[in-house]
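Have the sequence and the 3D view at hand as you read.

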Amino acid sequence: MFRLILTALLYASLSLGANAEGLDELRDGDMRKLQVHDSPRQMPAMGFETRDGTAHTLSDTAGKVRVVNFWATWCAPCREEKPSLDRLQADLGGDDLEVIAIATGRNSDSSIDKFNAEVGIEHLTTYLDPGSQAARSVGVLGLPVSILVDREGREIGRLTGGADWGSESARAILAALIAR
């Protein structure tokens, strides 16, 4: 893990002040699907809610690196991916990073509870996007989609399809974003 952090810090220091291209060298395995933008893109003001109906926006977590994951209970790749996002939140979530898991479309409370229990979700808050407005606002066309957002609220890149967020590559990419 120490080597991983040192590698990420090296790449982060080399790319400080530059665009997100410094992350390309860290992509391996599932992270090869991560499309890193040549320059950060401003995110729209998208809204989502907690299961009790409390409204939230991405700006509520300003100052953190965010992994915004759009998923649904009926999505098979989401079932495989979500446990690694839960572990990511458990391991790195806090002042510097937050995983925002948004169930988009029609997902009943009972199906969400069943899904989360079956795949062992313990650390993620489930946010809702029942009308898929947040997903549409950021161009999500299929599921799952994970969007990497920097501390300033800009999209750094996105990954379409499932991924192992516990991989060395994923952790190095996130460590580099956190170190910036």
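Which residue's side chain meets that of arginine 158 in a salt bridge? The partner is glutamate 155, at 2.9 Å from N to O. A salt bridge here is a side-chain nitrogen of Lys or Arg within 4 Å of a carboxyl oxygen of Asp or Glu. Arginine 158 and glutamate 155 are both buried (buried means under 20% relative accessible area, exposed over 50%, and partly exposed in between, with a 1.4 Å probe and protein chains only).

This is a predicted model, so local features need pLDDT of at least 70 and side-chain atom pairs count only at pLDDT 80 or more, while totals for chains, interfaces and linings use all residues. Residues are numbered from 1 along each chain as its sequence is written, and side-chain values use heavy atoms, leaving out hydrogens and water.

Searching the whole structure gives twelve salt bridges, including these:

| Pair | N to O distance |
|---|---|
| Glutamate 118 and arginine 79 | 2.9 Å |
| Arginine 151 and aspartate 96 | 3.1 Å |
| Arginine 158 and glutamate 155 | 2.9 Å |

Glutamate 118 sits in helix α3 (residues 109-119) and arginine 79 in helix α2 (residues 76-92), so their pairing ties together parts 39 residues apart in sequence. Helices are DSSP runs of H or I with at least four residues, strands are E runs of at least two, and both are numbered from the N terminus. Glutamate 118 is partly exposed at 47% relative accessible area, and arginine 79 is also partly exposed, at 32%.

Aspartate 96 is partly exposed too, with 35% relative accessible area. Finally, a network of salt bridges links Arg51, Asp109 and Asp113.
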